[in-house]
Amino acid sequence: MTIDLKNQVYIITGSGRGIGLEIAKAFAENNCTVILSDYNEDSLAHAQKIFDESGYHYRAIACDITKEDHVENLVDKTFNEFGKIDGLINNAGITRDNLLIRMKNDQWDAVIDTNLKGVFLTSRAVAKYFLKQRYGKIINIASVVGLIGNASQANYSSSKAGVIGFTKSIAKELGSRNVTANAIAPGFIETEMTHVLSDKAKDEFLKNIPMKRPGKPKDVANAALFLASSMADYITGQVLTVDGGMVM
Ligand SMILES: NC(=O)c1ccc[n+]([C@@H]2O[C@H](COP(=O)([O-])OP(=O)(O)OC[C@H]3O[C@@H](n4cnc5c(N)ncnc54)[C@H](O)[C@@H]3O)[C@@H](O)[C@H]2O)c1
């Protein structure tokens, strides 16, 4: 079975670069109309250039997922133009790493606001339409550290563990209306987010990866494509790790 997302409309947050951009490209390659979205306008413009050059079908809507009015605008604008929304990929995320005793309140708040509250705001906004449509898919990009924790990432791990609990809760709440919610938990993926890690931290990750290599954004995009496809229509409330075997 091939994956064809023709006539489908997906909103992908944080799709200006990294994993989000790779998911957006993979979806567009499979005929999906992609709503590119990011709060970084330079990244968004860069993604638009790639989409223009590739002839992909898309719209670009700037959105900071921590701001409710931005989120409402993103979702309402998409629905008003296309008359439906097939899915939402909650990909935007940040890190503000620090040891617990040194962690500042603003480091805690920024990560929880973006990675957890942002996912709540966008999911609530699309759920309004999904319930009426009696169809919709929410795919949340969590992290393996939401399952196993990580030193210096109490804020980030808490946010991603929260996303996993959130995903399971809304899967239970929305399932009877044919709305699914799943999470992908990537391990160590090569992007600008992990580029800043020290060699020591990278070596530490690699030691714990049976496949002995970092993942690529494409590895995560493929998992998202599967969950968006009709092959995954009866899968909900699950966490799919994409981590070369790090967590099992
Ligand atoms: N790279 C990894 O190893 C890894 C591992 C596990 C999980 N993840 C998760 O995957 C997702 C993507 O990570 P990445 O590695 O591509 O990171 P990245 O930093 O390269 O990209 C994140 C994107 O999100 C955008 N963004 C951040 N805050 C935003 C906000 N408030 N509103 C809108 N956009 C915002 C950024 O501008 C950026 O374009 C994140 O949720 C991250 O936590 C990454």
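Let's start with how α3 and α4 cross: the crossing is right-handed, and by that I mean the near helix is turned clockwise from the far one by less than a right angle, with anticlockwise being left-handed. Before going on, this is a predicted model, in which local features need pLDDT of at least 70 and side-chain atom pairs count only at pLDDT 80 or more, while totals for chains, interfaces and linings use all residues. Residues are numbered from 1 along each chain as its sequence is written.

Back to our pair. Helix α3 covers residues 68–82, and its axis comes within 9 Å of the α4 axis, crossing at roughly 30°. Axes here are lines fitted to C-alpha atoms, for helices over the stretch in contact, and angles run from 0 to 180 degrees between N-to-C directions. That makes α3 roughly parallel to α4, a label for angles under 35 degrees. On the α3 side, the contact involves Glu68, Val71, Glu72, Val75 and Phe79; on the α4 side, Leu121, Thr122, Ala125, Val126 and Tyr129. Contact means C-beta atoms, placed from the backbone, within 7 Å. By class we find 7 nonpolar, 1 polar and 2 charged residues there. Ala, Val, Leu, Ile, Met, Phe, Trp, Tyr, Cys and Pro count as nonpolar, Asp, Glu, Lys and Arg as charged, and the others, Gly among them, as polar.

Now, α4 has another partner. Helix α6, residues 154–174, packs against α4 at about 15°, with the axes 8 Å apart. So α4 is roughly parallel to α6, and this crossing is right-handed too. Among the contact residues are Trp108, Ile112 and Phe120 in α4 and Tyr156, Val163 and Phe166 in α6. This contact holds 13 nonpolar, 6 polar and 1 charged residues.

Which helices each supply at least two residues of the shell around the ligand? They are α1 (18–29), α4 (105–133) and α7 (192–195). In total, 30 residues surround the ligand, and the closest are Gly14, Gly18, Gly93, Thr191 and Met193. A residue counts as near when its C-beta atom, placed from the backbone, lies within 6 Å. The shell has 11 nonpolar, 15 polar and 4 charged residues.

Finally, the whole chain. It has 9 helices and 7 strands, which are DSSP runs (H or I, at least four residues, for helices; E, at least two, for strands), numbered from the N terminus. The C-alpha trace spans about 50 × 35 × 35 Å along its principal axes. With 248 residues, a compact globule would have a radius of gyration near 18 Å, and the chain's 17 Å agrees; that radius is taken over C-alpha atoms, and the globule rule is 2.2 Å times the number of residues to the power 0.38.

Conventions
Parallel < 35°, antiparallel > 145°, perpendicular 65-115°, else oblique. Contact = placed C-beta atoms within 7 Å.
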